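Take a moment with the fold before reading on. The paragraphs below walk through it piece by piece.

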Amino acid sequence: MQTFKKILLCVSILVSVATLRMHAQGYPITPVPFTSVKVVPNSFWGQRLEASRTITIPLAFSKCESEGRYTNFVRAAKPSEEYDVSSFMGFSFDDTDPYKTIEGASYILQTFPDKKLKAYIDSVLNIIGAAQEPDGYLYTARTINPNKPHKWSGDKRWVKEEDLSHELYNLGHMVEGAVAHWQATGSRKFLDIAIRYADCVVKEVGANPGQACVVPGHQIAEMALCKLYLATGNKAYLDEAKFMLDYRGKTTIKNQYSQSHKPVTEQDEAVGHAVRAAYMYAGMADVAALTGDKDYITAIDRIWENIVSKKMYITGGIGSTSHGEAFGRNYELPNMSAYCETCAAIGNVYVNYRLFLLHGDSKYYDVLERSLYNGLISGVSLEGGHFFYPNPLESMGQHERKPWFGCACCPSNICRFIPSLPGYVYAVKDNDLYVNLFLANTSTVNVAGKKVQLTQSTEYPYSGDVKIKVDKNKAGTFALKIRIPGWVQGRPVCSDLYTYIDGKKTGYTISVNGQDIELSADDIKNNQGYAVISRKWKAGDVVSIHFDLEPRIVQANFEVKDDRGRVAIERGPVVYCAEWPDNNFDINNMVLNQRQSFTLGTLPVQSFMPNDGSAAKLSTVASQNITTLTADAQELSYDVQGRLVTKDVKLKLIPYYAWCHRGSGNMKVWLPADVMSIININSNKNERGQNIFHD
């Protein structure tokens, strides 16, 4: 009898999970979930995933313990008038650190099953769940002591939501983590907690009489509620997400900082806090896909054009100013003071991913890839234990990686993003299978409801060679749609913001089982940037792709005054920089030669690791190398008579994402390409007000 009950319970769970997973994705193109893609260990991304699993996520959980994140939930489970919340809680959104870390750990569990980690998460969820109020409200900043809550929280629920309370922001990260945990483990424990809080919000926040008519001060609840709708089929969550967007610009607070200066459908420029903005744009895309609201799509398309044409760094970073962690004016892209928050780079990935799912154009993945390999992974060190909050494009030693931050949004966001990467590799529409990212993996994909198993082998981004092997195919005939990156077609971005100026012609080749596939530029253009190969695939078929991976010289639009007379160097999707440890001269006093012949080299990843023993935990480090570039340059100085003299030097460049691993010092992405560019920059002064030339 006991065995029969267990069988019934298992069947019930399976039916429940299957029912939840039946709901349509909403987008014209269907993502291939992270659970279906296994990244190969000891590869570029395999090393990153191992660092997340071994260093970043354990560190984040330890910080949740040491910084009192769990203690806040324990206190909220037994509220007391004796607590002065502001005296021990740094920020009203501190609850999100455990949520984001659980999300990342859930993704990792799918790739690296770990019973101890799963049990640990379960114990944390016991603490979180105990803090939930009877009606589902879960916000420790108030619950610990409703009569003396955190100073940002207001005297009652929702009254400070559009300002600083972050109640709906907390909900958003809770839902994102809960759905990931359920998808990875099948457990509803976290999902049910999130559903109860979401139900509370649906009941209390809205435009109906008796409700608080407020919109999120910090966006993310919009896309999270869309995700919860897809997981449960409860349309109330989608309706709530749409309310939050429809009423933006119509409630109490109206300002550019939180993108509430006017209704979202009237906005046409990226303004304000860059993370809030990116999360809102991603939520707009989700709601548009799920409701068919074309006005949302039109608005987000306009804003995207503004970003890629006038407001995005060569690294894919967004948010140029520390004042409000915000977008600047059009073409305002300073280097030394660039903010480029790590969270904003993640937000940029979210937006472009969703626009691809809406439109099917590879240009969105071109932006996504640029952000991914540069402005995003620069935010976490190679060993996974040190972080950047801003990611500037130039430094004179004032920047350094930190082991954590009091405002820990960036480290915890990295925790959840890096392990989710497998979900960005492939996508499906009817009989089309999109290959969007090139990384070593094995995958099982449903094409037209039938299973296709693939193995992708590559050393990308340092090699332009990719092989895709069909291991099994039950789908018969289908089209493999391979993204042809803009950088190999002579286009850094799909605007005139950045341009290659070296005159090189790069290309690509594709073959199937050794037979070349003829594809013209018009073929690629007509298929929105994809090479389309349609055939009845059989087990053992191999698609071989070669991209010409040449160092390229990039010039910014003349309107970007901070980059006039300067150039940047990139190879494939990777942007390079010059840094002090690799050059025995002051990189601030040099100019690149007008004609270049780059030399490739390597540096061991081990040389970028700290001496604290953490690298010893990573099995992949010993075999990993970083590709470097060497360029011809002139060092400038004065002789004893005060005359300008030059000296031939070799300038070594490293990937931007690897900078500041070996101590703080000079670093530049945009390099002087003529003497006048050095003399004219900021009237002979750099951005810290010091003379450029010195004895």
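What follows moves from sheets to a helix, then to salt bridges and one serine.

This is a predicted model: local features need pLDDT of at least 70, side-chain atom pairs count only at pLDDT 80 or more, and totals for chains, interfaces and linings use all residues. Residues are numbered from 1 along each chain as its sequence is written, and side-chain values use heavy atoms, with hydrogens and water left out.

Start with the sheets. Helices (H or I, at least four residues) and strands (E, at least two) are DSSP runs, numbered from the N terminus. Two strands pair if DSSP finds at least two bridges between them. Tyr-508 stands opposite Phe-547 of strand 14.

Another open sheet has five strands, ordered 1-4-5-9-13, and its pairing is mixed. Strand 1 (30-31) and strand 13 (530-536) are at the edges with a single partner strand each, so one side of each lacks a neighbour in the sheet. Strand 5 (residues 432-435) and strand 9 (residues 477-483) are a parallel pair with four bridges. There, Val-435 sits opposite Ile-482 in strand 9.

Now turn to helix 15 (residues 409-417). Buried means under 20% relative accessible area, exposed over 50%, and partly exposed in between (1.4 Å probe, protein chains only). Nine of the nine residues of helix 15 are buried, so the rest of the structure largely encloses it. Among them are Cys-409, Cys-410, Cys-415 and Arg-416. What do these buried residues pack against? Their partners are helix 2, helix 4 (96-111), helix 7, helix 11 (274-291), helix 13 (342-359) and helix 14 (362-376).

A salt bridge is a side-chain nitrogen of Lys or Arg within 4 Å of a carboxyl oxygen of Asp or Glu. The structure holds 35 of them.

Look next at Arg-157. It forms a salt bridge with Asp-135, with the closest N and O atoms 2.7 Å apart. Arg-157 lies in the loop between helix 6 (140-143) and helix 7 (167-185), and Asp-135 in the loop between helix 5 (115-130) and helix 6, so the pair ties together parts 22 residues apart in sequence. Asp-135 is partly exposed, at 36% relative accessible area. Arg-157 also meets Glu-204 in a salt bridge (2.8 Å, N to O). Glu-204 belongs to helix 8 (residues 189-204), so this pair ties together parts 47 residues apart in sequence. Glu-204 is partly exposed, at 21%.

A further salt bridge joins Lys-668 and Glu-394 (2.7 Å, N to O). It links distant parts of the chain: strand 22 (residues 666-668) holds Lys-668, strand 3 (residues 394-396) holds Glu-394, and the two are 274 residues apart. Both Lys-668 and Glu-394 are buried.

Finish at Ser-43. It sits in the loop between strand 2 (37-39) and helix 2 (44-66). Is Ser-43 buried or exposed? Ser-43 is buried, with a relative accessible area of 11%. A polar atom of its side chain lies 2.6 Å from the backbone oxygen of Val-40. The Ser-43 side chain also reaches the backbone nitrogen of Gly-46, at 3.0 Å. Not counting residues up to four places away in sequence, Ser-43 touches (heavy atoms within 4.5 Å) Ala-440 and Gln-624.

How values were computed: Polar contact = N/O pair within 3.5 Å; in protein donor to acceptor, adjacent residues only side chain to side chain.
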